[in-house]
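Hi,

Here is the structure I promised to pass along. Have a look at it first, and then read on for my notes.

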Amino acid sequence: MAQPSGEFRQEAARSRGGELVSGALLVGVGAPDGSEARPCPEEWRPRPRRIERSEPARGPVGGVGRAVGPLALGAGPTDLPLLDREADIAELLGLLAEGRSIRLVGQAGSGRSTLLSAVAEAAADLAPGGVVQLCGHRRTAADLLQDLFTATHHAPGYRPDPGQLAVHLAGVRAVVVIDGAEPVGPELEELLAAAPGCGFLISVAPAAPQLPAGSRLRDHLVPGLSRAACLALTGRLAGRPLDVAEKAWAVDLWFESEGLPLRFVQAAALLRQRDVSVDALVAAEDDRRDVFGAVEEPVHDPDPAVRENALRRTVPLPSVAETASPAVRLAEGLGESAQAVLRLAVALGGECPTAPHLPALIDVGQGESALAELADAGLAVSIGGHHRLTAGALDLLAPHWPARGCADGAAQHFAWWVGHSSVSLAQVAAEAEVLVGVLLADRTAGRHEAVVRLARAAAPALALALRWGAWERVLQLGLEAARRTGSTVDQAWFHHEAGVYAICVRQPSRAMAELESALTLRAAAGEQRGVAAARRMLDLLRADGRQLPPAAPAAAAPGRGPVIRKIAARVPAGLKARNGRRRRVVVASAALLTFGVLGTAVAMTLAGPDEHKGNDPHGRLDQVGDTGNAPLPLPSADGSPSPAGTGAAEPGAPTATGGSPEPSASGSASHSPSASPSKRPSTSPGATGADTPPGQPQSPEPGRSQPPTQPSGPKPGGPGGGSGGGGTQSPSPTENPSPSQTPKPSPTSTGSASSSGAPSSPAATPN
């Protein structure tokens, strides 16, 4: 394919121009001589407005948006059933209700994205700001913060400084879901510190390093599925029940793969391909019988189903080696269009362009069907607005499926596309990873001229789309290709753009070096207008703050322990599911887990410190005792976990030291024996008298038992203490009762009712 001329290259670069505000700078992007930054007049600066939950939901921009339904962040096939995850969902919902931040870890293909989507859907009403879904694939920490700001504030074309961003995000109270986050270590901690009022649910790559000491995050391992769940998943995706031989084969795969869901999605695809072979045998047998008659039939049975099952047994199942690495065999069984898309994805480093680009790139008209076929086979997954190959597929397919020149014209196509006036910035943002993949493919193939053309066209578009991580990467690849071609003009342009980028991200030393290199190269090439543009940027840097406004300070680094406050003012009764049987199962599991933990704590308190030592059947108290974590929220009168009953505050969180006590969301009393607020140890984090209203019974602290107390009031069976359901006698709000005055529930009672009629925990009855 003929390459465009230099005139076309300059036209493509000029066609995508505009202005944006970066902090206190007004940045003009896409000018013929390069981008320029200058102080933004006060009256031109955007005034960000918080997006309310009542506003109509906007479509996601590059995988960013406010979640209003199931997330499409890599859940695989759209009808993929969620199996064996009820306990994980209930635990994660409880942690998010406490304001915790969780990192999902596990092997590749363990279903982290699917679990992430299910929890995000169930947590829609957990926080005042709802759920914000972000895509972490190929995003830097700065990109994710900008995406969070974009999803929660209305300010088009505005990228705040780190300090301004911290001010805007400080008031956000939401559950932030990030699928496939790539920042780790200090960058990830800074991301969490910039939004202290949010609870984060993040999935990371299997090779992610361990969390540092004092991290706000806590790891949650996503294990494989049980054997029964894997068999059910395989049969569901295969479209029919498994026979005896196939069940044995699937059990062997379960032992070998440790129950990874992705392996069984691919196993079901292998069974569907096997069924195609069986159908071909049945059709051939029918044709033979029509021609030659019923002579020596392999199966002497008039029932077609019996004949089909008998012929299926003649087709061998995939071997253990093929099921361990099924990508090549799955690729061979794809349709022609799906195979063409797969070759293109392999050539682009695993990134699949969206369907509208496929006719121009590889002459595939049914792009949506081809991408869906790849997803159904477990070879591709949808994330961030486009598809990419699943974990391990690229390494397995690259030796067997060479590119064969299918990406040769991709750079020319995308150079024209990003500069077209009908293409929106949201579309450019969604294809950012694909653009980088095209540049890398052309660099590997030695097509450096094509790299320069596409980089000059794509860089201004990515800058305006606020995908600055991709903008920086494109500038680096373009500069490298310009050096290989020996073009002084192109090298100067990329140096100039890199200098403007460094000014915007407040890296003055780097900006000075880049702009001085651009000035030298442009002076050597005789570009007078380019020299003037570079000098203006250097003068801006040398103004010592007289023209370049100082950046606001960034958010302080988090201290040891959690710093987040509880994000849930109240959780709706039973975490009401809007629809679907899966949501009802999740709600029932969450309620059962909450009552089980509460009942265990009460039973251990009644039994005394010696009887329950080491006896923690649920394993919850030891898990939350290592960092001062509180147990799951106690149920209120309407069945919702009450934030006021979560016990001690987290280390590092502000404690209540005065003022009027704040009652719980439902105002219901606890079922556990009360203790005097004045008798609680003062060393417990957040254990002050303002945590619970006067007269409200106190829950035992996590990991700490309290001796039973003898009531001095009426005996069991009398008024206020019998088994007839009388309420527990509470002390007067003006008194601090002594431990001897605290009534003890009757051993024969099934649980005393709260003042608002909340149900009692069945586990509170001693055996």
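This is a predicted model: local features need pLDDT of at least 70, side-chain atom pairs count only at pLDDT 80 or more; totals for chains, interfaces and linings use all residues.

**The chain as a whole**

The chain holds 26 helices and 17 strands. Of its 767 residues, 50% count as buried. Contacts between residues 24 or more positions apart make up 73% of those with a separation of 6 or more.

**A covered helix**

With that cut-off in hand, take helix H3, residues 112-122: eleven of its eleven residues are buried, so the helix is mostly covered under the 20% limit. The buried set includes charged side chains, namely Arg 112 and Glu 121. Ser 113, Thr 114 and Ser 117 are on the list too, along with Leu 115, Leu 116, Ala 118, Val 119, Ala 120 and Ala 122.

Helix H17 (residues 410-418) is another mostly covered element, with seven of its nine residues buried. Those seven are Ala 410, Ala 411, His 413, Phe 414, Ala 415, Trp 417 and Val 418.

What does H17 pack against? One partner is helix H20 (residues 448-464): the two axes come within 9 Å and cross at roughly 25°. The two helices are therefore roughly parallel to each other, and H17 passes H20 in a left-handed crossing. On the H17 side, the contact uses Ala 411, Phe 414, Ala 415 and Val 418. On the H20 side, it uses Ala 450, Arg 453, Leu 454, Ala 457, Ala 458 and Ala 461. By class, that contact has nine nonpolar residues, no polar ones and one charged residue.

His 413 has a relative accessibility of 14%, so it counts as buried.

H19 contributes Ala 432, Val 436, Leu 439, Leu 440 and Arg 443 to the contact, while H21 brings Ala 470, Arg 473, Val 474, Leu 477 and Glu 480. Sorted by class, these residues give seven nonpolar, no polar and three charged.

**A buried leucine**

Leu 330 sits in helix H12, residues 327-332. Is Leu 330 buried or exposed? Its relative accessibility is 0%, so Leu 330 counts as buried. Beyond its neighbours within four places in sequence, Leu 330 is in contact with Gln 266, Ala 269, Leu 270, Gln 273, Ala 377 and Leu 379. Ala 377 in that list is 47 residues away from Leu 330 in sequence, yet the two C-alpha atoms are 6.8 Å apart in space.

**Cysteines**

How many disulfides turn up in a search of the whole structure? The search finds zero. As for individual cysteines, Cys 135 is buried, with a relative accessible area of 1%, and Cys 352 is buried as well, at 0%.

**Two loop residues with positive phi**

Most residues other than glycine have a negative phi, which is the reason I noted two sites here. Asp 363 has a positive phi near 60° and is found in the loop between helix H14 (358-362) and helix H15 (367-376). With a relative accessible area of 70%, Asp 363 is exposed.

Arg 506 is the other site, with a positive phi of about 65°. Its place is in the loop between helix H22 (488-504) and helix H23 (508-525). Here the relative accessible area is 22%, so Arg 506 is partly exposed.

Best wishes

Conventions. Residues are numbered from 1 along each chain as its sequence is written. Side-chain values use heavy atoms; hydrogens and water are left out. Axes are lines fitted to C-alpha atoms, for helices over the stretch in contact, and angles run from 0 to 180 degrees between N-to-C directions. Helices (H or I, at least four residues) and strands (E, at least two) are DSSP runs, numbered from the N terminus. Angles under 35 degrees count as roughly parallel, over 145 as roughly antiparallel, 65 to 115 as roughly perpendicular and the rest as oblique. A crossing is left-handed if the near helix is turned anticlockwise from the far one by less than a right angle, and right-handed if clockwise. Contact means heavy atoms within 4.5 Å. A disulfide is a pair of cysteine sulfur atoms within 2.5 Å. Buried means under 20% relative accessible area, exposed over 50%, partly exposed in between (1.4 Å probe, protein chains only).
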